[in-house]
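Look at the sequence and the model shown here.

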Amino acid sequence: MQEVAALLLCKLGGKSGSADEIKEVIAAAGGEPNEDQIAALVGDLDGKDVNELLAAGMGKLKDVPMGGGGGGGGGGNGRGNGGGPP
């Protein structure tokens, strides 16, 4: 996952997102670059536009249920202090 994040940071910074650039970003963040994963990522994205891939992914996510409304938050105790001790 750090490889994808590093690639996106490269793209946001106006770089090409080459394997060497991805390695530099990961190393600068204190991570350890995984050569195999970086090579696979760069190979999978060869000739593809990252912005188009993200747009296609967002289009697919619109059909994924994201959960219910959830429960309400806990109320205060009526003393104006958010429920703490009196």
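This is a predicted model: local features need pLDDT of at least 70, side-chain atom pairs count only at pLDDT 80 or more; totals for chains, interfaces and linings use all residues.

Residues are numbered from 1 along each chain as its sequence is written, and side-chain values use heavy atoms, with hydrogens and water left out.

In soluble globular proteins, nonpolar side chains tend to be buried together. Here the largest nonpolar core has nine residues, among them Ala-6, Ile-22, Ile-38 and Val-50. A nonpolar core is a set of buried Ala, Val, Leu, Ile, Met, Phe, Trp, Tyr and Cys residues joined through side-chain atoms within 4.5 Å; buried means under 20% relative accessible area and exposed over 50%, with partly exposed in between (1.4 Å probe, protein chains only).

In helix 2, Glu-21, Ile-22 and Ile-26 are buried. They cover an arc of only 135 degrees around the axis, so they lie on the same side of helix 2; the arc is that of the directions from the helix axis to the C-beta atoms. Helices (H or I, at least four residues) and strands (E, at least two) are DSSP runs, numbered from the N terminus. The face of helix 2 turned away from its buried side carries exposed Asp-20, Glu-24 and Ala-28.

Glu-3 lies in helix 1. Leaving aside neighbours within four places in sequence, Glu-3 is in contact with residues including Ile-22, Asn-34 and Leu-41, where contact means heavy atoms within 4.5 Å.
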